Amino acid sequence: MRRARSPRRPVARAVAAALLTVAPLAAQSPPAAADSVELPAIPAVLAPDAACTQASGETARDKPWTRQVLGLSRTWPLADGGGVTVGVVDTGVGTNIPALSGRVTAVGGAGTDCVGHGSFAAGLIAAKPGAGSGMAGAAPGARILAVRGTDQRGNPTAVQLASGIRAAADGGADVIYVGRALPTGKALLTAAAAYAARRGALVVAPFAPDALPKDPTTGEPAKPAPWYWPAAAPGVLSVMDYGPDGTRPENAPETSGADLAAPGDAVVSVGPRGRGHFIGSGSSLAAANVAGAAALVRARYPEMTPAQVSRQLITAGYPAVPPRLDPYAAVTSVLTDKQGAAPRQVPAHVPPKPSAEPRDRALLIAGAGLGVVVLMAAAAAVIPRGRARGWRPAGQDRTVA
């Protein structure tokens, strides 16, 4: 099997970038080369003449860049996904992958994975850290319910994806990861997503394909569709990818409608068998990281509805357009769906017109008091003079005896 750097990023040593523990995105630049291994690329679809994906002989010894960016080490003491089942609707999930040992249940023939993409996504969701490796899924305590959503070579149809979503919901999945985005199948996939929501499952899907098909006449990538399904269906959490330097590859499909962004370029995970690791890129893998984070939220807040889990992840995300996944904030933030009620308009209370009686009484008393004061003042002026004249009218002389 060929060794590869990031399948979509033609920058030097992107594999080394995937294995580095990096600084926060605001301060990042594309990482330089480092001592690391180059991992084989995980395919999404097998070419007609390609053999099934074999086990990788390489192991990622250092912690991938995604582990620090997502803050997983400090999130796991609060929630690790225990008690939560994540449905993986993709190419299948190998039941003998050591990092998922004992935690994979398959519907029908989904326990074999010729392509490897479903197993890779399941590892991003729930792989346990292994000895000598820093690779781990977002929710290492979660269980995986594998459901086939493609044919054996990885080619999907709307009917297969819709059936897979319904089967995962019927199987008791709390979160349903869908590894494909289709430009058709709106009615089928919208109905399937609504069915899953009624069964209590949150559907997480890539907002666009990992790569656009080539136009057979020009050989150039086809123009992106305005919407992809099931991501555009109501209630589905749609996810966009970004890489170690915080940007998307130049040739990544450009469209709108993503609810959340998550690490998806140059990410490391397991293959369909064995202990080795692969590298992959695309929004489908970013959606797997979000599905793992959704499992953490459901484990932390089991009473939440699918819509509340989606809101928790989006609202707690790092501010950007779209918001960027922050699992630690999602499991520690306390949000509420109760909106403050508008203040009730209370009628103004106009007191009755005061009675005039107290005022009249006060005026009467004041007037009487004033009269007494005037009389007393007059008496104080008149009486001494009267006494001095012997109380005779003014102008009369006193008779001398």
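Q: Which residues have the most contacts inside the largest nonpolar core?
A: In this predicted model, the largest nonpolar core has 73 residues, and those with the most contacts inside it are Val86, Val93, Ile125, Ile144, Val204, Val290 and Leu313. A nonpolar core is a set of buried Ala, Val, Leu, Ile, Met, Phe, Trp, Tyr and Cys residues joined through side-chain atoms within 4.5 Å. Buried means under 20% relative accessible area, exposed over 50%, and partly exposed in between (1.4 Å probe, protein chains only).

Q: Where does the largest share of this core come from?
A: Helix α7 supplies the largest share, eleven residues. Helices (H or I, at least four residues) and strands (E, at least two) are DSSP runs, numbered from the N terminus.

Q: What does leucine 313 touch?
A: Leaving out residues up to four places away in sequence, leucine 313 touches Leu237, Leu260, Val290, Ala293, Ala294, Val297, Leu325 and Ala330. A contact means heavy atoms within 4.5 Å.

Q: What does its side chain make a polar contact with?
A: The side chain of serine 283 makes a polar contact with that of aspartate 241, at 2.8 Å. A polar contact is a pair of N or O atoms within 3.5 Å; within protein, one must be able to donate a hydrogen and the other to accept it, and residues adjacent in sequence count only if both atoms are side-chain atoms.

Q: New topic: which cysteines does a disulfide join?
A: Cysteine 52 and cysteine 114 are joined, S to S 2.0 Å; a disulfide is a pair of cysteine sulfur atoms within 2.5 Å. Cysteine 52 is in the loop between α1 (14-19) and α2 (65-69), and cysteine 114, 62 residues apart from it, is in the loop between β2 (104-106) and α4 (117-126).

Q: Why is the disulfide left-handed?
A: The torsion about its S-S bond is about -95 degrees, so the disulfide is left-handed.

Q: How confident is the prediction?
A: The chain averages a pLDDT of 86, and 83% of the residues score at least 70. The pLDDT is the predictor's confidence in each residue, from 0 to 100. Over residues 10-35 it stays under 50.

Notes. Residues are numbered from 1 along each chain as its sequence is written. This is a predicted model: local features need pLDDT of at least 70, side-chain atom pairs count only at pLDDT 80 or more; totals for chains, interfaces and linings use all residues. Side-chain values use heavy atoms; hydrogens and water are left out.
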